[in-house]
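Student: I'd like to learn how to read a structure feature by feature. Could you walk me through one?

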Amino acid sequence: MKTLAKNTDYKVTKAVIPVAGLGTRFLPATKAMPKEMLPIVDKPVIQYVVEEAVSAGLSDLLMITGRNKNALENHFDRVAELEQVLASKGDAQRLFSVQESSQLADIHYTRQGDPLGLGHAILRAKSHVGEHSFAVLLGDDIIDARDPLLNRMLEIHQQTGDNVIALMEVPAEQISLYGCASVTATDSDSVMVTDLVEKPAPGTAPSNYAVIGRYVLRQEMFQILERTAPGRGGEIQLTDALQYAAKHSEIAGGVRGVIFTGRRYDTGDKLDFIKATIKIASDREDIGPDLKEWLKEYTKSL
């Protein structure tokens, strides 16, 4: 494998959003609708993710899709008939919300094909990304807009040239559900990742730092992924490729972690999806006050 070339320009403009999963945990709702299109109040999960990327300055997005994901493309496309109806009714607010999704970013789509894991899905972005660093945002992870994470990750990548991953401390009994990182402190607000384990067996995790769905990667990571053998579940694991990078910084740069302490919603889990809906709805000016009052009354009856 080639040693990395000198490159001092680590500005990121492109993001990859893998959305090829089947969403089996939400069946039968996801039998004909992508899980990323499930609404949090009145906006699909995927739009929150796209808005986060755009807010961080990334307007060239590639979604890695699969079968039955056409609704994603339709959502971010124009619907002229609907816009005309809303305009004729003078419904400016709903017209704006409909038009907003189709004007957010320059969104491209490609299919994963074989369901061979997150690492394989990211490899499908190689020709689109080219010889540039890029961000990866998992399509079922929502980071609250009031707790920016991706912006800081991009800053650290541009300053250091290292790959950057998002970490979050979770209870010991939950760490086996995630990729897990061993870290050492630095003289900044990031940590150096020295090792990674994908979904460690209970009691074997090296730390409580879980890898969550935000990454900023050098283009050399494609070389590593191409040589990464299938791991846990017979899939090509991004965690395995990052582990290699952490131990061979001369090939693809080191791996740094940003420890996130803000609000994150894992909408791929049913209970967390419900919690996300309640929390986000409670903070909205239009329905929040009434919802909070109802919640107070409802909890009294439990």
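Student: Let's start with a single residue. In which helix is the place of Glu-51?

Tutor: Keep in mind that this is a predicted model. Glu-51 sits in helix H1. An α-helix has 3.6 residues a turn, so residues three or four places apart point the same way.

Student: Does that help me with Glu-51 itself: is Glu-51 buried or exposed?

Tutor: Glu-51 counts as buried, because its relative accessibility is 17% and the cut-off for buried is under 20%. Leaving out residues up to four places away in sequence, Glu-51 touches Lys-43, Glu-100 and Leu-104.

Student: And how many of the eleven residues of H1 are buried?

Tutor: Nine of the eleven, so H1 is largely enclosed by the rest of the structure. Those buried residues are Val-45, Ile-46, Gln-47, Tyr-48, Val-49, Val-50, Glu-51, Glu-52 and Ala-53. After H1 comes Gly-57, with a positive phi near 90 degrees.

Student: Now pockets. How do I read one?

Tutor: Rolling a probe the size of a water molecule over the atoms shows where empty space is left. Here, take the second largest pocket, with a volume of about 1,100 Å³.

Student: Which residues lie nearest the centre of the second largest pocket?

Tutor: Asp-42, Lys-43, Gln-47, Tyr-48 and Glu-51, out of 42 lining residues.

Student: What about the nonpolar interior?

Tutor: In soluble globular proteins, nonpolar side chains tend to be buried together. In this model the largest nonpolar core has 33 residues, and the members that touch the most others are Ile-165, Tyr-215, Met-221 and Leu-242. Helix H9 (residues 238–247) gives the most to this core, five residues. There is also a second, separate core of 32 residues, including Val-12, Met-63, Ile-143 and Phe-260.

Student: Pick one of those members. What does Tyr-215 touch?

Tutor: Not counting residues up to four places away in sequence, Tyr-215 touches Leu-118, Phe-134, Ala-135, Val-136, Leu-138, Met-153, Val-164, Ile-165, Leu-238 and Leu-242.

Student: Next, aromatic rings. How many aromatic pairs does a search of the whole structure find?

Tutor: Three. The rings of Phe-26 and Phe-273 have centres 5.5 Å apart and planes at 70 degrees, so this pair is edge-to-face. Phe-26 is in the loop between strand S1 (14–18) and strand S2 (39–40), and Phe-273 is in helix H11 (residues 270–282), so the pair ties together parts 247 residues apart in sequence. Phe-26 counts as buried at 11% relative accessibility, and Phe-273 counts as buried at 13%.

Student: And is the pair of Phe-134 and Phe-222 stacked or edge-to-face?

Tutor: Stacked, with 4.9 Å centre to centre and 5 degrees between the planes. The pair links distant parts of the chain, with Phe-134 in strand S6 (residues 134–137) and Phe-222 in helix H8 (residues 221–226), 88 residues apart. Phe-134 and Phe-222 are both buried.

Student: Where does Val-41 lie, and what is its phi?

Tutor: Val-41 lies in the loop between S2 and S3. Its phi is positive, about 65 degrees, although Val-41 is not a glycine. Val-41 is partly exposed, with a relative accessible area of 31%. Lys-199 has a positive phi too, near 45 degrees. Lys-199 lies in the loop between strand S10 (190–198) and strand S11 (209–217), and counts as partly exposed at 34% relative accessibility.

Conventions: Residues are numbered from 1 along each chain as its sequence is written. This is a predicted model: local features need pLDDT of at least 70, side-chain atom pairs count only at pLDDT 80 or more; totals for chains, interfaces and linings use all residues. Side-chain values use heavy atoms; hydrogens and water are left out. On a 1 Å grid over the protein atoms alone, a cavity is a set of points where a 1.4 Å probe fits but cannot get out, and a pocket is an open set with protein on both sides within 12 Å along at least five of seven lines; lining residues have an atom within 4 Å of a point. Grid points are joined across faces, edges and corners, and a volume is the space filled by probe spheres set on the points. A nonpolar core is a set of buried Ala, Val, Leu, Ile, Met, Phe, Trp, Tyr and Cys residues joined through side-chain atoms within 4.5 Å. Buried means under 20% relative accessible area, exposed over 50%, partly exposed in between (1.4 Å probe, protein chains only). Helices (H or I, at least four residues) and strands (E, at least two) are DSSP runs, numbered from the N terminus. Contact means heavy atoms within 4.5 Å. Rings of Phe, Tyr and Trp (its six-membered ring) pair if their centres lie within 6.5 Å; planes under 30 degrees apart count as stacked, over 60 as edge-to-face and the rest as tilted.
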